[in-house]
Amino acid sequence: MPQQPDTGHLVRLLRTALGDSLLGVCLHGSATLGGLRPHSDVDVLAVVREPTRQEQRRFLVDELLKTSGAGEGLRPVELTVVVQGDVRPWRYPPACEFLYGEWLREDFERGATPAPGPNPDLAPVLTMALLADAPLLGPRPAELLDPVPAADLRRAIVAGVPELMGELATDTRNVLLTLARVWSTLVTGGIRSKDAAAEWAADRLPAAHRPVLARARAVYLGDEDERWDDLDVRRCAEHLVRGIEESYSA
């Protein structure tokens, strides 16, 4: 497994906020799928025994606003918290207890606090956590979580496509890379890193669309600056969506 990022401050925060309810913390995402890239988040999953209180969730938000992506060596954080009883035994859609991500920062700075609720995106998160098998605190993820059935993983990643397309103009790189990963997972059953998924998808795109995905991959790897005004991003994204739809219905 690639070298782990510094997560000690996150583990300490979770222990302070969640106390004895905290069953385990594990790493997933880019750090475990080929290594962190210049724009990668640190993806962390925490499993708790009991539902959280509103003041606990607000405390987590306030502390993450101070440290996520701030300071020397501190990367943006995506933190997911699940109540074990909400995901084990597995059922669809799974319930998310808490979610922090930098794309939500403006809402959090205005005082919003994430509330528990159903979240299909948990299916790939739990799948990646189980595959990564990278505990930061407590037992291995397989001792806390049930595997996600392949059919539920497939429908969960497809369910998020319309929302992704709605963010194409504001989060272009991430949307393109995520669409590539969704398509790759539907076809192959595996979960690739974003840059590997982009490479896989580019080989299956018409030549006219390959420069768009190549740019997204290069920006993700830190090899190019982010700019899109010279490329037909939407047509490439729409082609990726067609590939996803055809693969899902096959």
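Predicted model: local features only at pLDDT ≥ 70, side-chain atom pairs only at ≥ 80, totals over all residues.
Residues are numbered from 1 along each chain as its sequence is written, and side-chain values use heavy atoms, with hydrogens and water left out.

Strands of a sheet pair through backbone hydrogen bonds, either parallel or antiparallel. Here, an open sheet of five strands is found in the order β5-β3-β2-β1-β7, with mixed pairing; strands (E, at least two residues) and helices (H or I, at least four residues) are DSSP runs numbered from the N terminus, and two strands pair if DSSP finds at least two bridges between them. The edge strands, each of which pairs on one side only, are β5 (98-100) and β7 (134-137). Neighbouring strands of this sheet are turned by 20° against each other on average, direction ignored, where axes are lines fitted to C-alpha atoms, for helices over the stretch in contact, and angles run from 0 to 180 degrees between N-to-C directions. Strand β1 (residues 22-28) is joined by six bridges to β2 (residues 42-48), and the two run antiparallel; Leu22 stands opposite Val48 in β2.

Helix α1 (residues 8-18) packs on the sheet, where it touches β1, β2, β3 (77-83) and β7, and its direction makes about 30° with that of β2; contact means heavy atoms within 4.5 Å. Helix α5 (residues 122-132) lies across β1, β2, β3 and β7 and runs at about 85° to β1.

A contact between two helices was also examined. The axes of α8 (residues 172-188) and α10 (residues 210-220) come within 9 Å and cross at roughly 110°, which means that α8 is roughly perpendicular to α10; angles of 65 to 115 degrees count as roughly perpendicular, those under 35 as roughly parallel, those over 145 as roughly antiparallel and the rest as oblique. On the side of α8 the contact is made by Arg173, Leu176, Leu177 and Ala180, and on the side of α10 by Val212, Leu213, Ala216, Arg217, Val219 and Tyr220. By class, this contact has eight nonpolar, no polar and two charged residues, where Ala, Val, Leu, Ile, Met, Phe, Trp, Tyr, Cys and Pro count as nonpolar, Asp, Glu, Lys and Arg as charged, and the others, Gly among them, as polar.

Rolling a probe the size of a water molecule over the atoms shows where empty space is left. On a 1 Å grid over the protein atoms alone, a cavity is a set of points where a 1.4 Å probe fits but cannot get out, while a pocket is an open set with protein on both sides within 12 Å along at least five of seven lines, and lining residues have an atom within 4 Å of a point. Grid points are joined across faces, edges and corners, and a volume is the space filled by probe spheres set on the points. The largest pocket has a volume of about 1,400 Å³; of the 44 residues that line this pocket, Glu78, Trp103, Asn174, Thr178 and Lys194 are the closest to its centre. The largest share of the pocket lining, seven residues, comes from α8, and the lining as a whole has 19 nonpolar, 13 polar and 12 charged residues. The structure also holds one cavity of 30 Å³ or more, and the largest cavity has a volume of about 40 Å³. Strand β1 gives the largest share of the lining of the largest cavity, three residues.

Turning to the backbone, the peptide bond from Arg88 to Pro89 is cis, with omega near 5°, and a cis peptide bond also joins Tyr92 and Pro93, with omega of about -5°. Pro89 is placed in the loop between α3 (84-87) and β4 (95-96).
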